[in-house]
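Let's take a look at this structure together. Have the sequence and the 3D view open as you read.

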Amino acid sequence: MGAAAQIKTLLKEADLYQQQGLLNEAKERYKKATEILKANADIANGQELIKSIVKKVVALNQAINRINDATTKPEVSGQKQDLIKNLFSGVREGDGGQRDLEGAIALAKFGQFDRALSEFDRLLADNTVRVAAAKNIIRCCIELEDLDQAVKRFAAWVKDDGFKDSELKKIRFFLDNRLRNLDHDCTLPERTPVLEVEDIEVDHQASDKTSEGPAGFVDEVEAESVDFDSELELHEEEFLDINSVGIQLPAGGPKGQMFEFDVSFQTGNSINLIIPSTEKTLLKELKAGTKLPEMQFFSPIAILNGSGVVTSKTRIKSGPKEGDYSLDITILTT
Amino acid sequence: MATFNFKRREIECKIVYYGPGRCGKTTNLEYIFKTYKKQVSGEMVSIDTEGDRTLFFDFLPMGLGKIKGCDVKVQLYTVPGQVQYSSTRKLVLKEVDGVVFVADSLEVRREKNMLSLKDLHENLKSYGSSIFKIPLVMQYNKRDLEEEGIPLMPIAQMEHDLNRQLKAPSHAAAAINGQGVAKTITDCLKLTLLHLQKELKWAK
């Protein structure tokens, strides 16, 4: 094929790719056409053609930049937010508080933070979901990279009487953990503890409700990379203290090998481990969402077999464990 | 996961159109929306952005009527194809019952097809599902562009690249003019309902 015919084909392809919205591919074709034009100075109107191609490439670059610079999760209309809430709440029937919570979580997952925050705020008044709502408010603040606001919100909850001490303890642990993962150094305020004798009955009811949670909730914990969840967590006392765990890889690693690690800290059914950076095989396989069907849990009084799911994996950026990985695992069954 | 209301004898399932950016997922849904009005049970909702790219998802509700004594409702979704929308893509895929993988037949999109299929595999795995087990139909779209003299991949090559191991039903298509659209969705619905029938035993 002669140079002129080659250029004609390339320009035709570029034009078509552009129509298809394949802007980088169109640009590539224009670049090739320009190179051929430059190498064949004898082509009639070559310089004019190059000028016209340059203009087209400039326009393409602008369009590519507009797409790349566009926010990935802009605020959408209220009507579309309602649709997101309905389609992705995961709870179709049943308890109103739980359904509203799941709806607000769906909004947050799709980046509709203003509306999600106002819904979580409203849910703070609902006894059955207020701890989960508070945690999700903190998650929203973290997603919005406003850690100071997360701390401010917590400080306000410490001051008012909306939360019981036991609830605040959970929220505090959650926030503290997130701040540490983000290397954000700050001391969280504490409330002077009081005895909560009259709350025993209420606690019992809340516990019953939690264990009956909707089917969607289980999937939420098992499957997500846990940016947002509706963890109506089990009470800490329902779990034994676990000193260390054994992990067998579901796939990829040496078959049957059990990797053992000490537990750094535990809250209820969530445990945290530090995995040294030298454990390359293990680190390659373990990601947020990885299911671990074969686990052993070593407590001072028993060894239990069970399963878990990795909920987050974070590289430690400073301190003596720099370069190692902090792994959160939710225990599913024992 | 599909929902089955025993009392109302109603089943609702979710089909997701997956594939690289600009492969024609939305075009498939648009064609279904305008052609099968009888079965479409609501408005098609699209949230798109600069250059008509799908930003969050497209959504189209359908009602297939009574099948084996059950009222069957289907929700069709598309995911955003662009790489930067990976978290949204994963969200939309959650609890999926059947998948249509739309591959772009243009030769220049060969790698993007493969990356997108790999992405589908990873996302399904993260939800405890498997690309080998989920009802899946492949669609090789944009076959009409062959007439324009644009280099397309032969179907055999696409089968080899994408479907060698999966062995899913596949269809050549030109979604822009409806060619292959109905065959694709029909196959996917059949596979999905058969799969659900085994899982939920709803037809017994």
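Below is a short walk through some domains and helices of this predicted model.

## Domains of chain A

Start with the big picture for chain A, which splits into domain 1 (3-69), domain 2 (78-209) and domain 3 (239-333). Going by C-alpha atoms, the centres of domain 1 and domain 3 of chain A are 53 Å apart.

## A pair of helices in chain A

Now find helix α6 (residues 113-123) and helix α7 (residues 130-143) of chain A, whose axes come within 8 Å and cross at roughly 155°. Angles over 145 degrees count as roughly antiparallel, so α6(A) is roughly antiparallel to α7(A). Their crossing is left-handed.

Who touches whom? On the α6(A) side you'll find A:F113, A:A116, A:L117, A:F120 and A:L123, and they meet A:R130, A:A133, A:N136, A:I137, A:C140 and A:E143 in α7(A). Sorted by class, this contact has 8 nonpolar residues, 1 polar and 2 charged.

## A helix tucked away in chain B

Hop over to helix α2 (residues 86-93) of chain B. Is α2(B) largely enclosed or largely open? With 6 of its 8 residues buried, α2(B) is largely enclosed by the rest of the structure. The buried ones are B:T88, B:R89, B:K90, B:L91, B:V92 and B:L93.

What do these buried residues pack against? From chain A there are α4 (78-88) and α5 (96-109), and from chain B there are β2 (10-18), β4 (53-67), β5 (70-78) and α3 (110-126). Just past the end of α2(B), look for B:E95, which takes a positive phi of about 60°.

Methods. Residues are numbered from 1 along each chain as its sequence is written. Chains are lettered from A and ligands numbered from 1 in the order in which they are written. This is a predicted model: local features need pLDDT of at least 70, side-chain atom pairs count only at pLDDT 80 or more; totals for chains, interfaces and linings use all residues. Axes are lines fitted to C-alpha atoms, for helices over the stretch in contact, and angles run from 0 to 180 degrees between N-to-C directions. Helices (H or I, at least four residues) and strands (E, at least two) are DSSP runs, numbered from the N terminus. Angles under 35 degrees count as roughly parallel, over 145 as roughly antiparallel, 65 to 115 as roughly perpendicular and the rest as oblique. A crossing is left-handed if the near helix is turned anticlockwise from the far one by less than a right angle, and right-handed if clockwise. Two residues are in contact if their C-beta atoms, placed from the backbone, lie within 7 Å. Ala, Val, Leu, Ile, Met, Phe, Trp, Tyr, Cys and Pro count as nonpolar, Asp, Glu, Lys and Arg as charged, and the others, Gly among them, as polar. A residue is buried if 20 or more other C-beta atoms lie within 10 Å of its own, exposed if 12 or fewer, and partly exposed in between; C-beta atoms are placed from the backbone. Domain bounds come from an automatic or database domain assignment.
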